[in-house]
Amino acid sequence: MAGEDQPPPPIGADAVSQAPQKDGGSPGGRPLLSVRELSVRFRMSGGREIAAVSDVSFDLAPGECLALVGESGCGKSVLASALLGLLPRNAYVSGRALLSGPGARDALDLLAADEATLARTVRGRRVGLVPQSPAAHLTPVRTVRSQLAETVRELTGRKRGELAEATLAAAGRAAFPADHLDRYPHQLSGGLAQRAATALALVGDAPLLLADEPTTGLDRDLVERTVDELRAHTEDGCGLLIITHDLAAAERIADRVAVMYAGRVAELTAAADFFGSPGPRHPYARGLLDALPERAFAPIPGMPPELGDLPEGCAFAPRCARASDACATVPALTGGVACHHPVTATDTAQESGHDIATAPDTDGTPGAAGPYGTAGGDDADGTRQPEGSRA
Ligand code: SF4
């Protein structure tokens, strides 16, 4: 309930908020959004349960852009819907998502807020949503001007005499051309529909922008323009959580990257480290990058698991060349990576083809051979080497 939550611990107090930003520094001050152990379960007929999101934790600082990336069906959009209270009735949500306000008493747990609070004070006002399908988001039988004017009136309380000018200004903020305001959604190109939806999302001056796959269906030029425009809104302190499967778009604008797999955060790290050096440390995250045509163009073998039938332990194990017996337990997100045998800089240097060294466990003990991996040995310097790689 609003006003009853305590301010979250300072950023840096735990692993999920220790990842440095693009400039190498740590995000400072109070987070704008602090998500802890967010889980979503869908209860289906016949008693079947879908584990769509499991134990997701992250912080978002004012002025920061965090990109939530992963393949379709990994839980990204369910997470966004959970934050806005837009899940269907068979969804069961647990955890905490504290949205800070101007004062400590304005903090609001989005997961505990009731529908009236979310509708009256959150959607559009404290969290602006840039939707996945702008054309579907817009009302087809009304012009953009009419929809924008109504939103301006609702969210800003502008009177009739001020409305026309305020509507024009709202369109301008998202670079929506004034001479297209009297068009209907079906008369807009994909890029202009996206700008119209972005203009609607910006009207309330929400401190948090949540963009759910905002570049779906756009060509590359429009993708870049769209994400650049979204990023520009962080300049005045707005936090941007962008959910995307487009790694190039994430690389272009994100300060940090959270990679999701099978409903969990596999890696959470600075974008510069992720896309540059040392690169991703989680085998799945590394596989995602390696699958890009401009990189190794090597697809990850196998398919993601069904969220209603997840394997015991690490869900990536059936596809992972580094898996060992230790992977029969779910790895915690430690130091920004949820893996028992994360890729190390030494591994990166030694990688050749698919012959990947088994790294020490995250607790410092050597990784054991398992059903999917090969046993390695310790070198004199303590680094692990694959079997047969030593003279
Ligand atoms: S090494 Fe183990 S914990 Fe890490 S991704 Fe592979 S299977 Fe999962």
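Student: How many helices and strands does the chain have?
Tutor: The chain has 11 helices and 12 strands, where helices (H or I, at least four residues) and strands (E, at least two) are DSSP runs numbered from the N terminus. This is a predicted model, in which local features need pLDDT of at least 70 and side-chain atom pairs count only at pLDDT 80 or more, while totals for chains, interfaces and linings use all residues. Residues are numbered from 1 along each chain as its sequence is written.

Student: And what order do the strands take in the open sheet of 6?
Tutor: The order is E6-E7-E8-E3-E9-E10, with mixed pairing; two strands pair if DSSP finds at least two bridges between them.

Student: Why is one side of E6 and of E10 left without a neighbour in the sheet?
Tutor: Strand E6 (127-130) and strand E10 (264-270) stand at the edges with a single partner strand each, so one side of each has no neighbour there. On average, neighbouring strands of this sheet are turned by 15° against each other, direction ignored, with axes being lines fitted to C-alpha atoms, for helices over the stretch in contact, and angles running from 0 to 180 degrees between N-to-C directions.

Student: How many bridges join E6 to E7?
Tutor: There are 4 bridges between E6 and strand E7 (residues 208-212), and the two run parallel; Val130 stands opposite Ala211 in E7.

Student: Which strands does helix H1 lie across in this sheet?
Tutor: Helix H1 (residues 76-83) lies across strand E3 (65-69), E7, strand E8 (239-244) and strand E9 (256-261), and runs at about 145° to E7. Helix H10 (residues 283-290) also packs on the sheet, where it touches E9 and E10 and makes about 105° with the direction of E9.

Student: OK, what about the open sheet of 4 strands, what is its order?
Tutor: That sheet has the order E2-E1-E4-E5, with antiparallel pairing, and its edge strands are E2 (49-60) and E5 (108-109), each of which pairs on one side only. Strand E4 (residues 91-99) is joined to E5 by 2 bridges, and the bridge partner of Leu99 in E5 is Leu108. H1 lies across strand E1 (33-43), E2 and E4, running at about 70° to E2.

Student: Switching topic, which residues come nearest to the ligand?
Tutor: Of the 13 residues around the ligand, Cys314, Cys320, Ala323, Cys327 and Cys339 come nearest, a residue being near if its C-beta atom, placed from the backbone, lies within 6 Å of the molecule.

How values were computed:
Contact = placed C-beta atoms within 7 Å.
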